[in-house]
Amino acid sequence: MAIQKIESHVAAQWFAGNSEGSKLVNPTTEEVVATASTDGIDYAAALEFARKEGGAALRKLTFAQRGELLQQMSDALQAERENLIESAIANGGCTRGDAKFDVDGAIGVLAYYARSGSKMGDVRVLPDGDGLKLSRSPRFWGQHVWLPRRGVAVLINAFNFPAWGFAEKAACAILGGMPVVTKPATATALTSYLCTKAIVDAAGLPAGVYSFIGGRPGDMLDHLGPQDLLSFTGSAATGQTLRRTESVIQNSVPVNVEADSLNASVLGSDVEVGSDAWDLFIKEVTREMTQKTGQKCTAVRRIIVPQDRVDDVIEALGEGLDDIQIGNPTLREARMGPLASKAQLRDVKAGLAQLLEDTDVVYGDPEAAIEGPGIEAGKGYFHPKLLLKARDAHGAKYVHNLEVFGPMATICAYGGEAEEASTLVNKGMGGLVASVYTDSNDFAETMMMESSAFHGRLYFGSGKILDHAMGPGLVLPQCVHGGPGRAGGGEELGGMRGVEHFMQRTAIQGARGMVQSITGTRESK
Ligand code: NAP
């Protein structure tokens, strides 16, 4: 593959950058696949163009018409699907399955919100709840409505989902009537760039609706204003830095943060070895540890297991992990590729060293030389699959505090009561998703009552959904994605909930007839 030069798309123009910029590498071969420079972008002008041109164009459109734009974006990505998958293999170290998870996720989430727009129809005002009688007389009336914010939505994404990451944010923003400026993580930006090319070339969006920063963000965030919005996915540390940005503080810019998460998976004490719920647990935990080489925000990091099932779990998960062939992700037999970058490999090794202060290795060898089909000796950012076991599940220092973004998880033993399992789960101090495998409604109810406040989503795997479940790692647009505390305190998706983040809720008060007329809420007779 020839080295590609990633360009940005701002103020409806392509911009190549004034310097050589960052080098993007194939993590399997360590060869340079692309360069990315944003030097010279006038960020103030780029944001203003999006606000003025893109925002005005979107506000003229109804929800159904904005939905059509999203469908055109989805179709544009679908037409380039094979190229996008190849780029994610080359620049992200993804297996074909991992790449499809990202690219098809992007195509799907845009199509989902396209359908939502179509169902909402030819209206531009979104009512929030029923009309309200505000005085004794029914003449004085109130109605809450959602209307688009007048600024630009700046969307900053993590390295692990270069396609779905921007698409899930952009779908909600554009349906809500806000233009977007998306910025992928530089290390894996090739796929996002190719998505942008497809969208610019084929989706027919009005100028300024969709802009793209292909690399470092320069001083972009200094130009955020009071009608703008910042939506970020990445590490907790970067999220905290962005929240402290002067322009954000001065202008009360809403900031949505999707950050770290030490997702736990609990095996209920009612689940017998070999039962359907057991099989589901083993299958899904194995997948959630290794899909995208463990570089998924929803990956399972902690496995909470009744003390008397620990040995069985180690044996069954070990067999599952044995089946995950590490290899060069261009080969179909490879089921797990390398980590996405050299920096990522360094961070994983450093994190593992800390986890090992609390744990013993019960599967795999952290020092093993990586071998597999198509792997050139000593090349690439590969890492072994590891299963660890906490020596003291409750007292561990790092297990509940440190997200190591690689193919590993730690088993924590508990006595068998749901209350104790919840206590361990909640030690993660806020997560995206916790999964619980049980056929017992009592166990499930206790987990829900005790752990909901710490999570954006709880997933209950049971024998009844063995053939229907999609696993805790799949983020569906119908349900909210995000979590409190360590997970950043953000919330995305969840059907229209995710769209409302990009709109302002306003209470409209006045004469009933006028309020109902201008908000489009007059009851039909
Ligand atoms: P990261 O290093 O925090 O970077 C995330 C994004 O922030 C990148 O686009 C990065 O750009 C940008 N960035 C960094 N410093 C910035 C600054 N000062 N101003 C503006 N932008 C800045 O995170 P990562 O390594 O890409 O991603 C891994 C993390 O993401 C993990 O901790 C994972 O848990 C989290 N994650 C969370 C979710 C979720 O939905 N909750 C999903 C996926 C990943 P550059 O690349 O150009 O530096």
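Which helix is the place of Asp-311? Asp-311 sits in helix H10, which runs over residues 310-322. Keep in mind that everything shown here comes from a predicted model.

**Figure 1. The whole chain, before we zoom in.** A compact globule of 525 residues would have a radius of gyration near 24 Å, and the chain agrees, with 24 Å. Of the 525 residues, 57% are buried.

Figure 2. Asp-311 itself lies in helix H10. Its relative accessible area is 63%, so Asp-311 counts as exposed, the cut-off for that label being over 50%.

**Figure 3. Arg-309 pairs with Asp-308.** Side chains of opposite charge can pair when their charged atoms come close. In this view, the side chains of Arg-309 and Asp-308 make a salt bridge, with 3.0 Å from N to O. Are these two partners buried or exposed? Arg-309 is buried, at 10% relative accessibility, whereas Asp-308 is exposed, at 58%.

**Figure 4. A salt-bridge network.** Moving on from that pair, we get to salt bridges with shared partners: Glu-48, Arg-51, Lys-52 and Asp-228 are joined into one network. For the chain, the salt-bridge count comes to 16.

**Figure 5. Glu-168 and Lys-169, a buried pair.** The side chains of Glu-168 and Lys-169 meet in a salt bridge, at 3.5 Å from N to O. How buried is each one? Glu-168 has a relative accessible area of 2%, so it goes down as buried. Lys-169 is buried too, with a relative accessible area of 2%. Both labels rest on the cut-off of under 20%.

**Figure 6. Arg-81 and Glu-82, on either side of a cut-off.** Another salt bridge links the side chains of Glu-82 and Arg-81, with an N to O distance of 3.9 Å. Arg-81 comes in at 19% relative accessibility and is therefore counted as buried, because that label applies under 20%. Glu-82, at 38% relative accessibility, is partly exposed.

Definitions and conventions: Residues are numbered from 1 along each chain as its sequence is written. This is a predicted model: local features need pLDDT of at least 70, side-chain atom pairs count only at pLDDT 80 or more; totals for chains, interfaces and linings use all residues. Side-chain values use heavy atoms; hydrogens and water are left out. Helices (H or I, at least four residues) and strands (E, at least two) are DSSP runs, numbered from the N terminus. Buried means under 20% relative accessible area, exposed over 50%, partly exposed in between (1.4 Å probe, protein chains only). The radius of gyration is taken over C-alpha atoms; the globule rule is 2.2 Å times the number of residues to the power 0.38. A salt bridge is a side-chain nitrogen of Lys or Arg within 4 Å of a carboxyl oxygen of Asp or Glu.
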